[in-house]
Amino acid sequence: MEPKPTDHGVQWRREWADAQRIKGPGLKGGSAFYRNIEEELDLARQTGGGLPLHLPSHTMDFSTCDVLGLGRTGALREEFLKELEANPGFHITAGGSRLCDGTNTYHDNLEREIAELVGVESALVVHSGWTANQAIWSTVPRSGDVLVYDELMHATALAGMKVSLALEQKPFRHNDVDHFIELMEEVKETSPLVKAGKRCVIIGVESYYSMDGDICPLRELIEVAKDIFPNGNAQFIVDEAHSFGCMGPNGGLGFVKEQGLEDEVAIRMITLGKALAASGACILSNNTIRSLLINQAKVMICSVAPAFPLSAAGRAGFRVMQSEKAQKAREYLHDLTLFYLDTLTSNPIYKKANAKGLLRMPVHEDGDWHEVPITHIVPIWTKPKHAYYLSFHLVRDGINGTPIVFPVVARGEDRVRIFLHAHNTYEEVKFLVNSICTWAEEMLEIEASGDKDRLPTAARLAYDLMEKN
């Protein structure tokens with residue numbers, strides 16, 4: 001008799017079920033301040049959408065952003081400790097904002113090193129991707145400018161746009177070059193100052209889209225923009241959070257560099273907490289943009305400058321990123337992603353579930369991943385509610401699959417986000433595929449039974465706990 005598989009999801013399910021407790025009614029007669037907040041949270045709890053902070057329970061990582069494994073393998077820690085040893089007199093805090101005595105020699109040297117490495121005039125290091133996008137989008141657009149952006153731009157960029165001086169903002173359908181052309185032509189005809197070259201169109205895109213895993217048609221968009229606005233007043237801002245370090249020449253210097261489009265992009269935003277496995281972010285631009293951000297970006301002006309440990313971790317990350325070990329990791333990750341796509345889509349259960357609409361990968365429906373560029377971001381799309389069901393199943397098997405549902409993505413586009421990593425093994429990928437297909441097989445059986453109230457096994461364990469609460 002085979003031993004019963006270990007259930008790695010016990011604590012995860014308990015935490016999830018506790019997060020669904022309805023609390024608003026219990027505060028009637030109490031403070032309106034807390035009652036109103038709990039009633040707002042109850043709207044999500046009623047549909048199982050209360051989100052707890054989970055402590056790790058997985059044995060296989062298919063979710064974190066440590067895609068090259070520089071954190072997991074200890075490569076970054078080793079380089080970080082060397083950096084600490086080389087700077088024994090460091091102060092933990094910067095002591096002030098960048099404009100108020102918070103800029104030190106270490107910041108200056110780090111930014112000069114990054115700028116020289118990437119080939120830009122300025123590299124401005126900040127605390128996070130949120131800080132970077134907030135600084136860029138709230139500050140760079142001027143009154144009278146027009147923002148045109150991909151509808152799937154990251155929420156941090158959209159938050160910056162909300163407080164931008166540029167009041168006219170137009171999203172184009174995701175990666176849709178034809179719709180982009182329509183909007184750009186519309187802007188040209190309806191914005192006289194832009195048409196005359198006195199105001200600008202500022203275009204926002206991501207290189208790798210973090211929820212879909214597809215790639216921006218950047219070269220086509222740039223060609224279109226230059227054709228419609230030949231005076232150079234259409235400028236691009238590219239979020240490279242998920243591509244920098246993972247691809248590109250000279251040690252993974254990113255998508256824009258790999259495409260040879262550095263001179264066509266005004267601003268690049270890169271993060272240091274993903275492929276580099278450190279923390280923080282960096283805004284790559286010319287010195288004009290740097291001066292504007294330093295003088296007018298409130299999120300920077302009103303924040304203490306990055307502390308030494310953050311800066312040192314970033315510096316260590318850049319060094320490891322350029323190593324032979326990191327290059328091998330990038331090559332391995334690409335091959336592993338091909339293996340995953342081949343293995344999953346060739347499984348007969350996946351084929352059947354895909355035909356039934358239970359599982360799908362819209363980015364890879366054409367099956368051409370051996371012929372076109374791909375990313376390590378490979379989400380599994382499901383039917384509504386099924387993202388939670390699949391996630392419960394994966395967590396029980398020791399896999400940290402993250403359910404992504406509305407409002408993070410559009411209604412009807414529920415998915416489990418899966419990241420592949422250079423520290424994943426081929427055997428782990430086979431296990432992941434087997435877990436996905438085992439769940440799909442159970443869902444196919446449930447659908448065939450016609451029992452609309454029946455839940456898959458792992459989800460039933462979770463919902464039973466919720467009902468007890």
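Modeller: Helices (H or I, at least four residues) and strands (E, at least two) are DSSP runs, numbered from the N terminus. This is a predicted model, in which local features need pLDDT of at least 70 and side-chain atom pairs count only at pLDDT 80 or more, while totals for chains, interfaces and linings use all residues. Residues are numbered from 1 along each chain as its sequence is written, and side-chain values use heavy atoms, with hydrogens and water left out.

Colleague: Is Asn 250 buried or exposed?

Modeller: Buried means under 20% relative accessible area, exposed over 50%, and partly exposed in between, with a 1.4 Å probe and protein chains only. Asn 250 has a relative accessible area of 58%, so it is exposed. Asp 101 also counts as exposed, at 77% relative accessibility.

Colleague: Which residues does the cis peptide bond join?

Modeller: The cis bond joins Phe 406 and Pro 407, with omega at about 10°. Pro 407 has its place in the loop between strand E10 (402–404) and strand E11 (415–417).

Colleague: How many residues of strand E1 are buried?

Modeller: In a regular strand the side chains alternate between the two faces of the sheet. Five of the five residues of E1 (residues 122–126) are buried, so the strand is largely enclosed by the rest of the structure. Ser 122, Leu 124 and Val 126 cover one side, and Ala 123 and Val 125 the other. Two strands pair if DSSP finds at least two bridges between them. E1 runs antiparallel to strand E7 (residues 281–285), and five bridges join them. Val 126 has Ala 281 of E7 as its bridge partner.

Colleague: At what angle do the axes of helices H16 and H17 cross?

Modeller: Axes are lines fitted to C-alpha atoms, for helices over the stretch in contact, and angles run from 0 to 180 degrees between N-to-C directions. The axes of H16 (residues 324–346) and H17 (residues 348–355) come within 5 Å and cross at roughly 75°. Angles under 35 degrees count as roughly parallel, over 145 as roughly antiparallel, 65 to 115 as roughly perpendicular and the rest as oblique. H16 and H17 are therefore roughly perpendicular to each other. With contact meaning heavy atoms within 4.5 Å, Leu 344, Thr 345 and Ser 346 of H16 meet Pro 348, Tyr 350 and Lys 351 of H17.

Colleague: How many aromatic pairs are there?

Modeller: A pair of aromatic rings is described by the distance of the centres and the angle of the planes. Rings of Phe, Tyr and Trp (its six-membered ring) pair if their centres lie within 6.5 Å; planes under 30 degrees apart count as stacked, over 60 as edge-to-face and the rest as tilted. The count by this rule is 13 aromatic pairs. For Trp 12 and Phe 392, the centres are 5.6 Å apart and the planes at 80°, so this pair is edge-to-face. Trp 12 lies in helix H1 (residues 10–18) and Phe 392 in helix H18 (residues 386–396), so the pair ties together parts 380 residues apart in sequence. Trp 12 and Phe 392 are both buried.
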